Amino acid sequence: MSDNDQQLRVSKIQNGTVIDHIAGGQALNVLAILGIDGTSGDSVSVAMNMPSDRLGHKDVVKVEGRELSQDEVDVLSLIAPAATINIIRDYEVVEKGRVERPSVVEGVLECPNHNCITTEDEPVDSRFAVGDDGVRCEYCDTIIRDDLPAHILAE
Amino acid sequence: MRHDHIISAKQLSRGDIETVLDHAADIAADPGAFADRHSDTLLGLLFFEPSTRTKMSFTTAMKRLGGDIVDMGSVESSSVKKGESLADTVRVVEGYTDALVLRHPMEGSAKMASEFVDVPLVNAGDGAGQHPTQTLLDLYTIRENAGFDDLTIGIMGDLKYGRTVHSLAHALTTVDARQHFISPESLQLPRSVRYDLHEAGAGIREHTELDEILPELDVLYVTRIQAERFPDEGEYREVAGQYQIDAATLDAAKDDLTVMHPLPRVDEIAHDVDETTHAQYFQQAHNGVPVRMALLDLMLGGDQ
């Protein structure tokens with residue numbers, strides 16, 4: 001089955017963003033990071049564990065009516081480093097890009113150190129510096145190397 | 001020095017450290033010359049945790065510079081008890097004072113607080129995080145007694161939760177000290193500190209017993225192992241007992257070994273050590289005043 005056939009399992013979108021080549025099983029984490037929970041009323045399609053030549057299995061997310069900026073999608077590199085971003089206008093791909101590793105992510109991950117000030121009721125977002133082999137809390141220095149999705153902040 | 005806030009020993013370069021220590025030495029040599037230096041200055045003290053030495057030496061330092069302090073008092077008697085956030089508290093108090101000193105039980109509190117104020121803020125201890133002014137007075141004591149050249153130091157006790165250890169270990173990388181860490185396995189350095197020391201190219205070695213390394217040391221820095229770090233009293237007593245020193249222990253050390261401790265001690269250094277020439281922990285505590293005077297003077301524009 002070609003990639004195109006797979007795409008047809010979920011309908012094409014007219015305007016919006018298609019996030020492709022998400023590591024299999026991470027689609028819901030992608031939506032959580034982007035803060036997309038369906039409450040805005042936009043159509044969101046999710047396809048999980050589709051066969052992929054490159055990844056073995058991949059997830060695909062299509063968000064109707066919303067063009068995600070590079071800053072918004074770069075944070076996805078933490079859990080879906082191979083993801084590709086397609087901006088769609090009038091059913092055509094007008095922009096194609098990849099996620100790039102940001103130097104800092106804010107308000108995305110929860111610090112696992114329960115004694116970190118960012119876990120308190122203070123007017124501050126969590127902030128992690130992104131390194132080659134993990135992320136590090138800029139407030140308490142705690143390093144997270146493994147299982148980043150488990151640390152995604154609940155909305 | 002061009003730091004608005006002093007949050008972590010990690011922000012201090014070798015040059016910064018030498019600047020503060022040189023200035024502290026000048027002040028210690030002639031404190032009277034600095035007595036009216038900051039006569040219009042009010043220092044705000046925000047201590048969310050108990051403190052004796054740090055709070056008293058900041059108070060003394062500010063008063064010896066001619067200024068005064070405004071003290072929030074204990075948490076029980078303040079608006080924090082009513083649920084005020086730290087960010088709000090510091091924004092209010094900065095309007096009363098020219099600089100702030102903060103101690104707080106949570107890691108990262110000083111960094112966060114510094115993002116909400118324009119006056120200089122000094123971290124006087126944030127949970128198990130950092131305690132940079134303790135580090136500066138430790139470094140001052142080390143430089144006075146052993147010097148920074150070809151320095152071999154042993155740091156013993158609770159290396160996992162001891163914030164003085166985390167700050168000091170990082171600062172010692174700027175003087176290329178050989179660092180030996182002596183602790184029970186359950187209280188070894190945390191991953192983040194180890195990572196930083198590795199990144200800084202530090203030569204560090206870890207031990208579970210002091211004996212194997214004691215004869216090589218120029219400085220032995222002892223910290224307290226706290227009972228609450230252990231599941232039960234029996235295990236605490238057994239482990240802590242292995243990291244106590246007395247005068248007889250030091251027979252195996254160099255004659256000019258300097259023994260330091262951030263205090264308070266409980267029983268990790270026996271009282272018979274006090275009478276030896278090795279003991280420098282009381283002088284170390286005294287050094288907190290000139291060092292904090294130097295830091296405040298530099299932060300408040302004394303070098304201009």
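**A tour of chains A and B**

Select the sheet of chain A first, where four strands form an open sheet in the order β6-β7-β8-β9 with antiparallel pairing; strands here are DSSP runs of E with at least two residues, helices are runs of H or I with at least four, and both are numbered from the N terminus, while two strands pair if DSSP finds at least two bridges between them. This is a predicted model, in which local features need pLDDT of at least 70 and side-chain atom pairs count only at pLDDT 80 or more, whereas totals for chains, interfaces and linings use all residues. Residues are numbered from 1 along each chain as its sequence is written, and chains are lettered from A and ligands numbered from 1 in the order in which they are written.

At the edges of this sheet lie β6 (104-106) and β9 (143-144) of chain A, each pairing on one side only. Next, colour β7 (127-130) and β8 (135-137) of chain A, which pair in the antiparallel sense over three bridges; A:A129 has A:R136 in β8(A) as its bridge partner.

Now move to chain B and select domain 1 (9-130 + 287-299) and then domain 2 (133-285), bounds that come from an automatic or database domain assignment. The centres of these two domains of chain B, taken over C-alpha atoms, are 25 Å apart. Across the boundary, 21 residues of domain 1 of chain B are in contact with 21 residues of domain 2 of chain B, contact meaning that C-beta atoms, placed from the backbone, lie within 7 Å. On the domain 1 side, the elements that give two or more residues are α1 (14-29), β4 (121-126) and α10 (288-299) of chain B, and α1(B) gives the most, with five residues.

Key. Two residues are in contact if their C-beta atoms, placed from the backbone, lie within 7 Å.
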